[in-house]
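Here is a short tour of one protein model. Keep the structure open while you read.

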Amino acid sequence: MENRILGLHHITAIANNAKRNLDFYTQVLGVRLVKKTVNFDDPGTYHFYFGNENGTPGTILTFFPWEGIGQGTNGSGLATHIGYAVQKGSLEFWKKRLDQFNVKTQENEIFGEKMIRFNDPDGLQLQFIEAPEDNRKVWTTEEIKEENALKGFHNVTLTLRKADPTLKVLTDILGYDLQKQEGNRFRVATDAIETANLVDIIEDSTIPAGRNAAGTNHHIAFRVKDDTILMEYREKVLAAGLSITPKIDRDYFYSLYFREPGGVLFEIATDNPGFTVDEPLNELGTHLKLPKQYEGVRGKIEGVLPKLS
Ligand code: ZN
């Protein structure tokens, strides 16, 4: 059981303006800023991590806010919809709240689950889905109490020209099972964990390729317990004939990246060491944390990062 993929670890997307992104997620949606750091490959850009109180894998949505990057297009080859689980009965609260912030919502139902869908300020497509029993510890704010707070991910939806090659990666390598299919929509699930354990696929051979910029997904990361198991998955991906990176130290987890045949960038990431490795739980997200290779030029980096207040 323990050496399996434990659902989603995090999802990373692209934004334009850093302050607008930060304010929307922490103030309007009320998720916790769990880590404020920089893009390790581009340290003049922030990397924000939003999640629940403990920064539990499966609740973490992260952003690279690249000012002036321009608008991306959602389309095939991308994770196009990010689904958060909310408690049953809370969709009314969210419809009213989002309306107050001039965010248009639409009601929908997918695989029998009630949801609202809307776009974040950059056009990233979010879904709040009434999920069954979900006991994850939430982050609350003055305005968003426990009964309405976001639980973390329910699912993520990939839009693909052809579902089969990607389904094969999910089932044969990552240990998911095909659970449902309605028309051109597929759902795979893993029983290795109870939450953030679903991936949906929309198959549409006519849909134009997505363009990766603001308002689109950068990659999705699957979760494993530690870096020993991570390296077992590296062998499995290689054995399937796909290319994959060496192990990369992301300070808060260890990672591997590979592109699945449908074009979506997949990552596998570990629980260890976690977000409390460099600041205590009650201070998560309050300090600008830099990887050690940039600590020597902190002043310079702080000078070029966009203003957040
Ligand atoms: Zn990642």
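Two strands count as paired if DSSP finds at least two bridges between them. The model shown is predicted.

**The open sheet**

Eight strands make up an open sheet. Their order is E6-E7-E8-E5-E9-E12-E11-E10, and the pairing is mixed. Strand E6 (106-110) and strand E10 (177-182) are the edge strands, each pairing on one side only. On average, neighbouring strands of this sheet are turned by 25 degrees against each other, direction ignored.

Strand E5 (residues 78-86) and strand E9 (residues 152-160) run antiparallel and are joined by seven bridges. Here Leu78 stands opposite Thr159 in E9. Helix H2 (residues 91-100) packs on the sheet. This helix touches E5, E6, strand E7 (113-119) and strand E8 (125-130). The direction of H2 makes about 15 degrees with that of E7.

**Strands E2, E3 and E4**

Strand E3 (residues 42-51) has a partner in E2 and another in E4. Strand E2 (residues 32-39) pairs with E3 in the antiparallel sense, over seven bridges. The two form a hairpin with two residues between them. Leu33 has Phe50 in E3 as its bridge partner. Strand E4 (residues 60-65) also pairs with E3 in the antiparallel sense, over three bridges. Tyr49 stands opposite Thr62 in E4.

Is E3 mostly covered or mostly open? Mostly covered: eight of its ten residues are buried.

**The zinc site**

Which residues coordinate the zinc ion? They are His10 (NE2), His219 (NE2) and Glu267 (OE), at 2.0 Å. In sequence, these donor residues are spaced H-x208-H-x47-E. His219 lies in strand E13 (residues 217-224) and Glu267 in strand E16 (residues 265-273), so the pair ties together parts that are 48 residues apart in sequence. His219 is buried, with a relative accessible area of 4%. Glu267 is buried too, at 0%.

**Nonpolar cores**

The largest nonpolar core has 72 residues. Those with the most contacts inside it are Tyr25, Leu29, Phe128, Leu174, Phe222 and Phe266. Helix H1 (residues 18-28) supplies the largest share of this core, with five residues.

Take Leu29 from that list. Leaving aside its neighbours within four places in sequence, Leu29 is in contact with Phe24, Trp94, Leu98, Phe118, Leu126, Phe128, Ile144 and Leu150. A second, separate core has nine residues, including Val34, Ala221, Tyr252 and Ala269.

**Aromatic pairs**

How many aromatic pairs does a search of the whole structure find? It finds 19. The table shows two of them.

| Pair | Centre to centre | Angle between planes | Type |
|---|---|---|---|
| Phe64 and Trp66 | 5.2 Å | 40 degrees | tilted |
| Phe222 and Phe266 | 5.0 Å | 70 degrees | edge-to-face |

Why is the pair of Phe222 and Phe266 called edge-to-face? Planes over 60 degrees apart count as edge-to-face. The planes of Phe222 and Phe266 are at 70 degrees, so this pair qualifies. The pair links distant parts of the chain: Phe222 is in strand E13 and Phe266 in strand E16, 44 residues apart. Phe222 is buried at 0% relative accessibility, and Phe266 is buried with a relative accessible area of 0%.

Trp66 is partly exposed, at 22%.

Ring pairs also link Phe24, Tyr25, Tyr46, Phe48, Phe50 and Phe63 into a cluster. Tyr25 of this cluster is also one of the residues with the most contacts inside the largest nonpolar core.

Technical notes. Residues are numbered from 1 along each chain as its sequence is written. This is a predicted model: local features need pLDDT of at least 70, side-chain atom pairs count only at pLDDT 80 or more; totals for chains, interfaces and linings use all residues. Side-chain values use heavy atoms; hydrogens and water are left out. Donors are N, O and S atoms within 2.8 Å of the metal (3.2 Å for Na, K and Ca); water is not among the atoms, so sites may look incomplete. Helices (H or I, at least four residues) and strands (E, at least two) are DSSP runs, numbered from the N terminus. Buried means under 20% relative accessible area, exposed over 50%, partly exposed in between (1.4 Å probe, protein chains only). A nonpolar core is a set of buried Ala, Val, Leu, Ile, Met, Phe, Trp, Tyr and Cys residues joined through side-chain atoms within 4.5 Å. Contact means heavy atoms within 4.5 Å. Axes are lines fitted to C-alpha atoms, for helices over the stretch in contact, and angles run from 0 to 180 degrees between N-to-C directions. Rings of Phe, Tyr and Trp (its six-membered ring) pair if their centres lie within 6.5 Å; planes under 30 degrees apart count as stacked, over 60 as edge-to-face and the rest as tilted.
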